[in-house]
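User: Hey, I'm new to this one. Can you walk me through it?
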Amino acid sequence: MQRATVSALRQAARQATPKAARAYSLLTAARALPKAPAATRGVKTLDFAGTKETVYERSDWPLPKLQEYFKNDTLALIGYGSQGHGQGLNARDNGINVIVGVREGGESWKQAQEDGWVPGKTLFPIEEAINKGTIIMNLLSDAAQSQTWKDIKPLITKDKTLYFSHGFSLVYAKDTGVTAPEGIDVILCAPKGSGRTVRTLFKEGRGINASIAVWQDATGKAMEKARALAVAVGTGYAYETTFEKEVYSDLYGERGVLMGGIQGMFLAQYKVLRENGHSPSEAFNETVEEATQSLFPLIGQYGMDYMYNACSTTARRGALDWAPIFEAANKPVFEKLYASVRDGTETRRSLEFNGQPNYREEFAKETREIDNQELWVAGRTVRKLRPDYKGEPVQ
């Protein structure tokens, strides 16, 4: 994400004071969580394509119950990246006692201050925050968790709970060196989206979907704690899984259709159109614009069959004929990808690259290469023509 975009997002997040933001979210939550008889529960067992699964709902934890549950706790949020920002502000707005622990004077320290965290009151160096906290939320990057664990682990005493939002560090302990301290609850809540989305959906009164899991249950209440924390950080619906399944599906998905696969397919289709004489605008419109602005939203809202029915008969026929061909071509790639995730190859690659001192510079170099691809250069002009575009007019 470009620096200007990050700055704009942070500016939007700072527009309300913590007090105003809290009042806003409490009102939003009150509307989203109607008063219900004590016997009514939000937990439901639903049929997912023939498989019964339990879904935990936010309505099972109204704000008074949530605040009462955590009245003796302090959530010490370690790290203030995307997830730290979203989860921390949501929990704070829900009236939970939250503090942030980051390196004093660093970029994250400055960003936390911009969001209303106060040094000496709600913002501390990492060691001090851990000592003050009862629930330690390790939201450092995967590489940073590995690099800092030898210093952090001795601080996680038996009166504390350890919380993750990714199964990465514990599942791949041979590579990360992260092992759970004995005698404590170790739990996970993994929102299914970026920290920015976690925050946005919370402010809209909706709440994001999340996976919850227990690695170690020392008190017999670890899953209950995970469910409550999921609501505290902004979840609307939570689905039970394991640390292993969460990290396997996450690494697999983001390398596949969520990010890596979609970029690769977009670029391949665009290149073939250009090689056959189509203009940049036409190639972008047929590859990205129609997908993201028209068809993908229909899939998200109503399903693939609805999207098919919303298209011309010619489009339907072609899509039905070519879908099995793409499936056959891609399945071996996805099988190879899943195996690479499960055997730790992707983990080692991530730790090696993300642990470099010049990681940020190398990452910026690679993303600049994507940003400078003709596909996305053409896209910048097309986006300026959208009715909802708010920037400078196209020249």
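User: Is Tyr 338 buried, exposed or partly exposed?

Analyst: Tyr 338 is partly exposed, because its relative accessible area is 29%. Buried means under 20% relative accessible area, exposed over 50%, and partly exposed in between (1.4 Å probe, protein chains only). Before we go on: this is a predicted model, where local features need pLDDT of at least 70 and side-chain atom pairs count only at pLDDT 80 or more, while totals for chains, interfaces and linings use all residues. Residues are numbered from 1 along each chain as its sequence is written, and side-chain values use heavy atoms, with hydrogens and water left out.

User: OK, how many helices and strands does the chain have?

Analyst: There are 19 helices and 10 strands in the chain. Those are DSSP runs numbered from the N terminus: helices are H or I with at least four residues, strands are E with at least two.

User: And how much of the chain is buried?

Analyst: Of its 395 residues, 39% count as buried. As for contacts (heavy atoms within 4.5 Å), residues 24 or more positions apart account for 69% of those with a separation of 6 or more.

User: Let's talk rings. How many aromatic pairs does the structure hold?

Analyst: It holds 16 aromatic pairs. One of them is Tyr 252 with Tyr 338, an edge-to-face pair at 5.3 Å centre to centre with 80° between the planes. That pair links distant parts of the chain: Tyr 252 belongs to helix H12 (residues 243-255) and Tyr 338 to helix H16 (residues 313-342), 86 residues apart.

User: What makes two rings a pair?

Analyst: Rings of Phe, Tyr and Trp (its six-membered ring) pair if their centres lie within 6.5 Å; planes under 30 degrees apart are stacked, over 60 edge-to-face, and the rest tilted.

User: Why does Tyr 252 count as partly exposed?

Analyst: Because its relative accessibility is 26%.

User: Why is the pair of Phe 284 and Trp 376 edge-to-face?

Analyst: Their ring centres are 5.9 Å apart and their planes stand at 80°, so the pair is edge-to-face. Phe 284 sits in helix H14 (residues 280-302) and Trp 376 in helix H19 (residues 374-384), so this pair too links distant parts of the chain, 92 residues apart. Phe 284 is buried, with a relative accessible area of 0%, and Trp 376 counts as buried at 17%.

User: Which residues form an aromatic cluster?

Analyst: One cluster is made of Phe 168, Tyr 172, Tyr 248, Tyr 252, Phe 334 and Tyr 338.

User: What lies over the face of Trp 61?

Analyst: Lys 65 does, at 4.3 Å from the ring centre. Arg 92 lies over the face of Trp 117, at 4.4 Å from the ring centre. The rule is that NZ of Lys or CZ of Arg is within 6 Å of the ring centre and within 35 degrees of the ring normal.

User: Switching to helices: at what angle do H13 and H14 cross?

Analyst: The axes of H13 (residues 260-275) and H14 cross at roughly 145° and come within 7 Å. Axes here are lines fitted to C-alpha atoms, for helices over the stretch in contact, with angles from 0 to 180 degrees between N-to-C directions.

User: Which residues make that contact?

Analyst: From H13, they include Ile 262, Phe 266 and Tyr 270; from H14, Ala 283, Phe 284 and Val 288 are among them. By class, the contact of H13 with H14 has 10 nonpolar, three polar and two charged residues. Ala, Val, Leu, Ile, Met, Phe, Trp, Tyr, Cys and Pro count as nonpolar, Asp, Glu, Lys and Arg as charged, and the others, Gly among them, as polar.

User: What does Ala 228 touch?

Analyst: Not counting residues up to four places away in sequence, Ala 228 touches Trp 61, Leu 66, Tyr 69 and Phe 70. The C-alpha atoms of Ala 228 and Phe 70 are separated by 8.8 Å, though the two are 158 residues apart along the chain. Ala 228 lies in helix H11 (residues 222-232) and is buried, with a relative accessible area of 0%.

User: Last one: where is Ala 49 found?

Analyst: Ala 49 is in the loop between strand S1 (44-48) and strand S2 (51-57). It has a positive phi of about 55° although it is not a glycine, and with a relative accessible area of 86% it is exposed.
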